[in-house]
Amino acid sequence: MGYVYAIANQKGGVGKTTTAVNLGASIAAAGHEVLVADLDAQCNATVALGFSRAESPSTYDCLVGGIDLAAIARPTAESRLWLAPASPDLAGASVELARIAGFEHRLETALGDTRERFLFTLLDCPPSLGPLTVSALVAADRVLVPVQAEYFALEGLAGLLETLELIRRELNPRLEIAGMVITMHDGRTRLARDVEKELRSHFPDLVFDTVVPRSIRISEAPSFGRPVIAHAPASAGSAAYLKLAREVAARA
Ligand SMILES: Nc1ncnc2c1ncn2[C@@H]1O[C@H](COP(=O)(O)OP(=O)(O)O)[C@@H](O)[C@H]1O
Ligand SMILES: [Mg+2]
């Protein structure tokens, strides 16, 4: 049986999409079937894996139309890596969903046989704790939280942890925290080192050993529609995501 991970943090620009795409590709490279499901109307994971913003069917059809997530999976250029594309319609879905009784369980229901087909399913969440993220947290077994190594990193984490506790109590008792991964770390700055130290002292068991460095190779890879392990296999960013994949698999 496969595992479903929500890649979540209500802050934007912390590396959720980058982590969903590159962690997914790295786990696939290790020999497992992986599905990246894009739940953000911005469609960044979809574009980063070489697709357009106008794919149909999309995760919108799973949430609103009840189509199975596995049924919309498309093979990507990377072996064993599949994508459930997003579409801009998802922007409206947040509003539509909020009006439907029991919307929280829509994605969970749409998982169908996803866990049988994919050992890892990574749900790339939008930057809010709105209905789409709630649906993802209800469908998921684990939540993986990317945290950017910058001054306000800890701000918002308390709120996120409270939300996770609430979801666990009310909607999804299975939900566990897989861990927090520090992203965009610039080891040359004292700030990044201090933020890392602070995160590790606040959450000693939660922060992954792997730290993802700030890397131009990582940030430019989406413009080629490929994950960093394909775009720049010898780069530090590629090594970091491969190492993170081993840690995530070891904790699974
Ligand atoms: N390790 C990294 N090094 C350099 N740039 C990064 C790194 N991780 C993410 N980025 C860039 O930072 C921006 C925000 O990342 P993204 O993954 O889209 O965040 P989120 O999905 O949380 O909004 C993107 O432009 C992305 O390319
Ligand atoms: Mg994103």
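Start by selecting Glu 196, which is buried at 18% relative accessibility; buried means under 20% relative accessible area, exposed over 50%, and partly exposed in between, with a 1.4 Å probe and protein chains only. This is a predicted model, in which local features need pLDDT of at least 70, side-chain atom pairs count only at pLDDT 80 or more, and totals for chains, interfaces and linings use all residues. Residues are numbered from 1 along each chain as its sequence is written, chains are lettered from A and ligands numbered from 1 in the order written, and side-chain values use heavy atoms, without hydrogens and water.

A salt bridge here is a side-chain nitrogen of Lys or Arg within 4 Å of a carboxyl oxygen of Asp or Glu. Both residues sit in helix H9 (residues 190-202), four residues and so about one helical turn apart; helices (H or I, at least four residues) and strands (E, at least two) are DSSP runs, numbered from the N terminus. Arg 200 is partly exposed, at 24%.

Next, select Asp 186 and Arg 188, whose salt bridge has its closest N and O atoms 3.0 Å apart. Asp 186 is buried at 18%, whereas Arg 188 is exposed at 74%.

Then go to Arg 226 and Glu 78, a salt bridge at 2.6 Å, N to O. The two are 148 residues apart: Arg 226 lies in the loop between helices H10 (216-220) and H11 (228-231), Glu 78 in the loop between strands S3 (74-75) and S4 (81-84).
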